Amino acid sequence: MKSKILKYIKEYSLLTLSAFLFAVSVYTFVFPNGFTNGGVSGTVAMINYLIDTEKYAGYINLAINIPLIILAFIGLSREFAIKTTVNTVLVSAFLAIFPYIGKNGFFQYSVIEPILNESGEVIAMYADGGRSILASLYGGVVCGISLALILSINGSSGGVDIISKFIQKRNPAVSVQWGIFIINCAIIGISAFVYSYNVQTKTFNFGIESLQPIMLAIIFQYVSAKVCDVIMHGVKTALKFEVVTDHAEEISQDIISTLKHGVTVVPATGMFEKKEKQLLICIVKKNQIQEFKDVLKKYPNTFAYVAQVSEIIGEFNTRKK
């Protein structure tokens, strides 16, 4: 019972931290800089750009997510639906609170500055392109950390995730990742038209600048996904070597003594020459790849190929002796 309570405390602490970081990513880096991060929160960012609803962003985010949350409870697992609901409510609460924190609200990294005429009226907005890239980079990093935390406890940030999981449940052949990617691409594509609209002059300005919101959104999405992947799998990644050889015993002993890793040997047959060989399977750390290559160079007529291992489950300790 005690362990179960501790598990709940740990999971919902991570869930709360994830929601806070996600809200920071959106409020601090996305809202004030003229691009979208995709999904429901990205839609909220576009609405905020058009009609300046920042103080109501949390409520809008929750309102859009409510039908999707209902869908999650109807068609998805109860645990997933509950965690997603809690995360969505917390994100919405943080977005609602941030505008009132401090004298001018929670910190925002804004690269957009108004251009005034002689009368002091705003006639246009200027965005520093270099700093815009920083906004998408830092926003993506914070969002990636948030996603890694929520995924580690079998939850989601809601919105597009719910739609994709629901579609996959109805059609298992559909990839959740591809579903999310396609929907986000559609939202990012729409953002080019939204951010081409000049709110001050109420006109559309199509040109090369129209591509900037798309490029910033792509940078944000890529960095977010990469950071999430590194946090969840980066420390566990390794390389798998499969070696076809006539020198199984010698290579195995060399690998064990040099790299301090074990080797699995499987009987194999070379169908071209109809000759019996051995297949060596070995998992090594990325920083040991050159040492492994140096071992193989000693043995002629040895064929090897390497593959990325995204995660290692179980014992993977090097031998001390």
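**Exercise 1. Work out how helix 3 and helix 4 run relative to each other, parallel or antiparallel.**

Solution. Helix 3 and helix 4 come out roughly antiparallel. Here's how to get there in this predicted model. Step one: take the angle between helix 3 (residues 57-75) and helix 4, which is about 175°. Step two: hold that against the cut-off, since angles over 145 degrees count as roughly antiparallel. The axes of the pair sit 8 Å apart.

Now look at who touches whom. Helix 3 brings residues including Tyr59, Leu62, Ile69 and Phe73, while helix 4 answers with, among them, Ile82, Val89, Val91 and Leu95. Sorted by class, this contact has 12 nonpolar and 6 polar residues, with no charged ones.

**Exercise 2. Decide whether Ser136 is buried or exposed, and find what surrounds Ser136.**

Solution. Start with the location: Ser136 belongs to helix 5 (residues 129-151). Next, check its relative accessibility, which is 0%. Buried means under 20%, so Ser136 counts as buried. Then look for partners beyond four places in sequence: Ser136 contacts Phe35, Leu216, Ile219 and Phe220. Finally, ask where the polar side-chain atom goes: it lies 2.8 Å from the backbone oxygen of Ile133.

**Exercise 3. Find which elements of the protein have the lowest and the highest mean pLDDT.**

Solution. Begin with the overall picture: the protein has a mean pLDDT of 81, with 84% of its residues at 70 or more. Then go element by element. Strand 2 (residues 122-127) has the lowest mean, 52, and helix 4 (residues 78-97) the highest, 91.

Key:
Residues are numbered from 1 along each chain as its sequence is written. This is a predicted model: local features need pLDDT of at least 70, side-chain atom pairs count only at pLDDT 80 or more; totals for chains, interfaces and linings use all residues. Side-chain values use heavy atoms; hydrogens and water are left out. pLDDT is the predictor's confidence in each residue, from 0 to 100. Helices (H or I, at least four residues) and strands (E, at least two) are DSSP runs, numbered from the N terminus. Buried means under 20% relative accessible area, exposed over 50%, partly exposed in between (1.4 Å probe, protein chains only). A polar contact is a pair of N or O atoms within 3.5 Å; within protein, one must be able to donate a hydrogen and the other to accept it, and residues adjacent in sequence count only if both atoms are side-chain atoms. Contact means heavy atoms within 4.5 Å. Axes are lines fitted to C-alpha atoms, for helices over the stretch in contact, and angles run from 0 to 180 degrees between N-to-C directions. Angles under 35 degrees count as roughly parallel, over 145 as roughly antiparallel, 65 to 115 as roughly perpendicular and the rest as oblique. Ala, Val, Leu, Ile, Met, Phe, Trp, Tyr, Cys and Pro count as nonpolar, Asp, Glu, Lys and Arg as charged, and the others, Gly among them, as polar.
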